[in-house]
Amino acid sequence: MVWKTTIQHLLRRAAPALRPDPALAKEMRARLEAAAAQRLGRALSIRHVAAGSCNGCELELRATQTLIYDLTQYGLSFVASPRHADILLVTGVSTRNMAQALREARAAMPDPALVVAVGDCAVDGGVFKGAAAVAGGAEAILPVDLIIAGCPPSPAQIVQGLLALVEAHDTRL
């Protein structure tokens, strides 16, 4: 089962990488700042949980904080505690050992909170789907509000996905 999934994963074509466009970045920043200010009166905070991954998605996630993408310019920032977070961002497969930690992280977050699954592993288990220690994607443990697929998704895809999430859930935040 693991080999079949691995072969399917390797043969699948990756989505074309998105290039940062200064005009698009300026527009995205304005839209997200307006959405965050209207809903919370402040920037949105993200708590990242690596549920069991190869660190590919984490590298791309860290790239969102570089000068090229600069996630903070859109009013999004990472926080160390789920008690201060508005968005729970999950990367990696959801292993059975991490199930309780994910539930506790979500329970510690103030409502309303959103859950985002980033990467193929967090979506459905990716190449590890069907393994004994794997519960599946994040959806197997928590209700997920946004899926950002890819192995790994590009930083631009992550930023655009978060922007779409904030705009789509304007009544919840």
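Mentor: Helices (H or I, at least four residues) and strands (E, at least two) are DSSP runs, numbered from the N terminus. V144, for example, lies in the loop between β6 (134-136) and β7.

Trainee: What kind of model is this?

Mentor: This is a predicted model, in which local features need pLDDT of at least 70 and side-chain atom pairs count only at pLDDT 80 or more, while totals for chains, interfaces and linings use all residues. Residues are numbered from 1 along each chain as its sequence is written, and side-chain values use heavy atoms, with hydrogens and water left out.

Trainee: Which residues does V144 touch, leaving out those up to four places away in sequence?

Mentor: V144 touches V115, A117, A138 and E139. Contact means heavy atoms within 4.5 Å. A C-alpha separation is another kind of value: for V144 and V90, 54 residues apart along the chain, it is 9.5 Å.

Trainee: Why is S45 called buried?

Mentor: Buried means under 20% relative accessible area, exposed over 50%, and partly exposed in between (1.4 Å probe, protein chains only). S45 has a relative accessible area of 9%, so the residue is buried. S45 is found in strand β1. Residues up to four places away in sequence aside, S45 touches S77, V79, H84, A85, D86 and I87.

Trainee: What is the strand order in the open sheet?

Mentor: The sheet has 5 strands in the order β2-β1-β3-β5-β7, with parallel pairing.

Trainee: Why are β2 and β7 placed at the edges?

Mentor: Each has a single partner strand, so one side of each is left without a neighbour in the sheet. For β7 that partner is β5, joined to it by 3 bridges, and V116 stands opposite L146 there.

Trainee: At what angle does α4 run to β3?

Mentor: Axes are lines fitted to C-alpha atoms, for helices over the stretch in contact, and angles run from 0 to 180 degrees between N-to-C directions. Helix α4 packs on the sheet, touching β1, β3 and β5, and its direction makes about 165° with that of β3. Helix α6 lies across β1, β2, β3, β5 and β7, at about 165° to β7.

Trainee: How do you know that the buried residues of α4 line one face?

Mentor: The buried residues of α4 (residues 99-108) are A99, L102 and A105. Seen down the helix axis they fall within an arc of 130°, so they line one face. The arc is that of the directions from the helix axis to the C-beta atoms.

Trainee: What makes a set of residues a nonpolar core?

Mentor: A nonpolar core is a set of buried Ala, Val, Leu, Ile, Met, Phe, Trp, Tyr and Cys residues joined through side-chain atoms within 4.5 Å. The largest has 18 residues, and I46, L71, L76, I87, V116 and L162 have the most contacts inside it. Helix α6 (155-168) is one of the elements that each supply at least two residues of this core, and α6 gives the most, with 5 residues.

Trainee: Why is G161 called buried?

Mentor: G161 has a relative accessible area of 11%, so the residue is buried. G161 is found in helix α6. Its neighbours within four places in sequence aside, G161 is in contact with L146 and I148.

Conventions
Pairing = 2+ DSSP bridges.
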